[in-house]
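Dear colleague,

I am passing this structure on to you, and I would be grateful if you could look it over before reading my notes. They are written for someone who has not seen it before.

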Amino acid sequence: MLADPNAYFSVTHDFNAYLLPFDGPMPSDAELLAMRSVGLQLLSDVKTLEAGCLLHLRQLDNEAKAVVDFLKLQSRKVDMVLHYVLENEQRDGKRYRGVSFGGSNIRVESQGALRPGELYKTTVYIRDELIALVCIARVSSVSHEEGRELAELVYEGILEADVEHLVKASLSVQQKQLKARKQQAPHPLER
């Protein structure tokens with residue numbers, strides 16, 4: 001369980017979450033790993049390897065920029081193929097449309113089906129950020145906003161590496177959103 005469920009910010013972004021009711025003791029890290037499908041495990045392994053390699057590549061000088069860019073492109077292609085494989089895998093649970101995510105929680109459109117306190121084996125797919133993970137999440141609240149019912153699920157059992165992936169993805173989404181807003185805003189001299 002995370003020490004502070006509000007430790008990380010969340011960003012608004014569409015994604016898919018598959019929820020399957022969960023009862024029993026909280027799984028260990030090894031048990032969480034065993035809950036992953038082959039495709040999820042492959043994607044996680046690739047992302048972990050990539051993160052380590054990119055850290056080393058960033059330390060190279062500017063002459064290696066072309067090599068770094070090429071390797072990022074190759075990595076992106078591998079990620080896309082793995083996501084295609086994941087999209088065709090059998091999924092556990094009912095699909096919900098996700099509306100926001102972060103390193104502490106997700107929010108989904110609940111359609112009256114989720115109640116505070118319930119635990120779910122949760123599989124999160126954030127296609128744009130090439131994130132796919134399995135965790136155990138508890139419904140912390142249900143609210144009504146803009147004519148729809150939203151449930152917030154707080155991670156109760158999640159791998160630290162998956163939290164890191166979610167934090168990096170939320171920062172990436174936030175940067176893209178800020179860049180898009182900046183491009184849409186009129187230049188101050190053009191008003």
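Predicted model: local features only at pLDDT ≥ 70, side-chain atom pairs only at ≥ 80, totals over all residues.

Helix H3 covers residues 65-87 and includes Val-67. Within H3, the residues Val-68, Ser-75, Asp-79, Leu-82, His-83 and Leu-86 are buried. Val-67, by contrast, counts as partly exposed, because its relative accessibility is 48%, and buried would require under 20% while exposed would require over 50%. Together with Phe-70, Leu-71 and Leu-73, Val-67 forms a nonpolar patch on the surface, and the four residues share about 370 Å² of accessible area.

Turning to the strands, E6 runs over residues 148-157 and is mostly covered, since 9 of its 10 residues are buried. Strand E3 (residues 105-109) is joined to E6 by 5 bridges, and the two run antiparallel; here Arg-107 stands opposite Glu-152 of E6. Strand E5 (residues 131-145) is also antiparallel to E6, with 9 bridges joining them, and Ile-136 is found opposite Gly-157 of E6. E5 and E6 form a hairpin with 2 residues between them, and in that turn Glu-146 has a positive phi of about 50 degrees.

With kind regards

Technical notes. Residues numbered from 1 in each chain as written. Heavy atoms only, no water. Patch = residues over 30% accessible without salt bridge, like charges linked within 9 Å, V, L, I, M, F, W, Y side chains within 5 Å. Areas by Shrake-Rupley, 256 points an atom, 1.4 Å probe, with all protein chains shown as cover. Salt bridge = Lys/Arg side-chain N within 4 Å of Asp/Glu carboxyl O. Helix = DSSP H or I, 4+ residues; strand = E, 2+ residues; numbered from the N terminus. Buried < 20%, exposed > 50% of the residue type's maximum accessible area, 1.4 Å probe, protein only. Pairing = 2+ DSSP bridges.
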